[in-house]
Amino acid sequence: MNILPTLKCMTVAAAILASTSVLAFAKDITISVWSGGTGPNDTYRLDAIEIAAQQLEREAAIRGEDLKIKVEKTPYSDWESFKQALTLAAEAKKAPNIVATGHEDIGPWSQAGLIVPIEDYVDLDSWPLNDIYENLMEIASFNGVVYGIPQDAESRPMFFWKPHMKAIGYSDADLDALPQKVQDGAYSMANVLEDAKKMQDKGLVQPGYGFYPRTSNGPDYWQFYTSFGGTMEEDGKLVFDKAAMTRAYQFFADAVKDGVTKKNHIGMPGDQWWKEVATGKAGIWHGGTWHYARLVNQEGLTDFFGNVVFSLMPAGEGGKANTLTHPLVYLLTAGHEKEDMAIAAQLIKIASEPRINVLHAVKSAHLGISKAESEIDLYSSDRWAREATERLLPYANAMPNNADFGTYWTIMWKGLEASWTGAKTVEASIGDVETELKSTLGDKIIIR
Amino acid sequence: MNTSRMLGLVMIAPAAIMILLFFLMPVVLTGVFSMTNMTTATGISGGAYQIAPHSLNDLKSTMPDIAEQMAQPRYAIDEAGMKAVEGLGLDAGIATELRAKHIGDVFQTRREAERMIKGLDQRPSTPDVKKISEQFNRSVVNSRFSSKEELFSALDTLGFKLTDAQKDSVADVTYTGWNWTTENFSRIASSPDMARVLFNTLLYVALVLVLFNTAYAMLLMIWTHYMPSAPATIFRSIWLLPRITPVVIYVLMWKWLAWDTGFISVLMGKFGYPPKNYMLDNAYNAWVFVVLINGFIGASMGMLVFSSALKAIPKSQFFASEVDGASRWQQIRYIILPQMRWPILFVTCYQTLSLLASFNEILLSTRGGPGKATEVWSLAAYHTALNNYAGNLEYGLGAAMALVLVVIGIVLSLGYLRIFNYGTLVSRPLIED
């Protein structure tokens, strides 16, 4: 970070140069777009903007304008380097015009003035924005202002390996009814551990493979807190529910104690994890709707529905079945010419057309963002998209857009990791989390 | 004389500028950053004044009436706004119709106001709708002002009459940028996690330094000294491999060795042990790997320095000792070690500082895990300042942590100089007096 001022001087100079060249050829516009967490299945996050640019050029031609839009696409396959690059570039006033990122960035980035509200540029009452699911639009807002347009939606289900479930006594009919049982709260987190144990005792999976969670920090872990009755935010204030968090931490500590989850599970190589869940080496695991695409396309699990059942995250003590949606949003970054911003906003709007967005939704196995999208053949004839939308999306929560949520998250994860690996007892972890939350967030968080 | 002095300055100028820019500036900036609460959210280049809902919440306790008034989002179609709309240079019919049908109307939200504007007979384009609605905005909620003066004058035009004290507190709660603070250091001092990370760091530096960078390097030096020269060269070259292999590949090879499907698992599988990730299985294993990975790289440097220092010891001393019937051990104890003080000081000092600051091998191998067991200070500073999943990077706290590291480094170096009696090492040899 220390080289920033130097970097800034250089990039400000570059930005000034760049902006003057845009002014000189007003109708020849370059729109740069970056996206995080974008693997081979997610390229439509960027391509959609390119398709939109072609459409906008045609519209301009009909109005008699000669508009040429060059779209520069930069995908980042991970989040870490993407967020570093974006925040530092934005500080140096060298941010791309459009960025596709997790909605939770809206809080800190808007406070820092890195992004501008998209509602300044588009008519939210017009098609296709007026058809986007209301809860997704809310997730793209902060302080009552709409900052971004949802780029996709997803949900994070619990997955069960069917053959193993059958081997421990579930019939086909039981498995078909399982998602409903989970939704009704009749199948709980305790049952997950029970069944995982049974699978191991029968030798279907190796020790530590019964319940096989995500291997790194991620929004997924907030679902467990929700399952055990926790709330992330209330009336704009963060909430740390000690009892609920204790139960969530305890769940993982118990999983390790029972031997159904490995103590050293966090930090294991991701590729290995994918291989294992795709081949039935794991019994029960959780992930996101987009896992379907990777399992089927990259990991060779062609008969997904024959092998896997998916459901909401089961309820734990004191909570209810839930799932979390972590939509990506298109955001406009600050520091560009007004004219460029307006064009970028138009591109985002056009890219949100059901016909264009559906390409991303189906290819990457994310969920659609609008009602009309779910009626497009490509989407409605896709079993995964249809079932996941119906089964999960109505019960989806989201993480709050709050500038301090990241701090809370880091501390919460640290505590979970410590109780999981046995570095601290659950009580000690909770105590340390509370102390640290108090000292870092003070009265910005309600502790109860 | 003067010219040559000038010339000297000119000659050294490029280097001096480089040192200033790339060595001194970062340290100074780290110091500056560490005294702030800078994060992604506050920005680096300074903040603005934004009357966000949460700042109004803060104001409610001190000036409830004003906060309540400010919280009202309003779009009022009034005469001032009409004048402004007329000045926009849009079709005159728009203003006329607005005035005729809607003067005096008040809308709670921007969206409602814009719906009305879109409903005009002469429906303006979306950008024009935005321009028009802005003229009627009589609310300060979420407005962003780049300076205090702008904020106050906006509040003034909207009819908020504030005293100076009130102005100050409004400016305080609406400021989005960073502030000067020493809180980072009190957080570091009071956090049990920081104490744990500090302990990890000292453990890491001590283990690698003592076991490999000095002791093992010394063994390598002695072994190769008493070997015939050809095998000695080959042996030294092998020990250089970890250092010359690109670190990513070097660490990847360790991971291949250690993970569930790796060599150790396969080998142990033959004896009936289930496969597991040996590196991350528990904190103890992780430490063994971290120390080995760094130690194998670090040993070669000491080996080279010590070996060359050994070459500088006059051969005659060894010959004379052999004549006197000295054993190998006596040669090491009375000839080699006493003349190694300088190189040992150098290696110890240099490696302490580089170990304190290095975290790349740990980041690549264990990422500080399992459960922060191998999180060292520099890695923790990196994680704090440059890696937060939710996008809010804590530059200020990270810089404070980096600064603590610099201080520890300086203190340790001074300590070493004392232990090795630096004064006598650099004093003039008595014989030349």
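Visitor: Let's start with the two chains; how many residues of chain B are in contact with chain A?
Guide: In this predicted model, 56 residues of chain B are in contact with 53 residues of chain A.

Visitor: And which helices of chain B supply at least two residues of that side?
Guide: The helices that each supply at least two residues of the side of chain B touching chain A are α1 (2-34), α2 (53-62), α6 (110-118), α7 (126-135), α10 (183-190), α11 (192-225) and α20 (377-386). The largest share comes from α1(B), with six residues.

Visitor: What's the make-up of that side by class?
Guide: The side of chain B that touches chain A has 24 nonpolar residues, 22 polar ones and 10 charged ones.

Visitor: You listed α2 there; how does α2(B) pack with α9(B)?
Guide: Helix α2(B) packs with α9(B), residues 164-174 of chain B, at an angle of about 150 degrees, and their axes are 9 Å apart. Because angles over 145 degrees count as roughly antiparallel, α2(B) is roughly antiparallel to α9(B).

Visitor: Is the crossing left-handed or right-handed?
Guide: The crossing in which α2(B) passes α9(B) is right-handed.

Visitor: Which residues meet there?
Guide: From α2(B) come B:Ser55, B:Asp58, B:Leu59 and B:Thr62, and these meet B:Ser169, B:Val170, B:Val173 and B:Thr174 of α9(B). By class, the residues of this contact are three nonpolar, four polar and one charged.

Visitor: Switching to chain A, what's the strand order in the open sheet?
Guide: The open sheet of chain A has three strands in the order β11-β8-β12, and their pairing is antiparallel. Strands β11 (284-286) and β12 are the edge strands, each pairing on one side only, and neighbouring strands are turned by 25 degrees against each other on average, direction ignored.

Visitor: How many bridges join β8 to β12, and how many to β11?
Guide: Four bridges join β8(A), residues 158-161, to β12(A), while β8(A) and β11(A) pair over three bridges.

Visitor: Last one: are the residues of β12(A) buried or exposed, and which way do they point?
Guide: All of the residues of β12(A), 308-311, are buried; A:Val308 and A:Phe310 point one way from the strand, whereas A:Val309 and A:Ser311 point the other way.

Methods:
Residues numbered from 1 in each chain as written. Chains lettered and ligands numbered in written order. Predicted model: local features only at pLDDT ≥ 70, side-chain atom pairs only at ≥ 80, totals over all residues. Contact = placed C-beta atoms within 7 Å. Nonpolar A, V, L, I, M, F, W, Y, C, P; charged D, E, K, R; others polar. Buried ≥ 20, exposed ≤ 12 C-beta atoms within 10 Å, placed from the backbone. Pairing = 2+ DSSP bridges. Axes fitted to C-alpha atoms, helices over the stretch in contact; angles between N-to-C directions. Parallel < 35°, antiparallel > 145°, perpendicular 65-115°, else oblique. Left-handed = near helix turned anticlockwise from the far one by under 90°.
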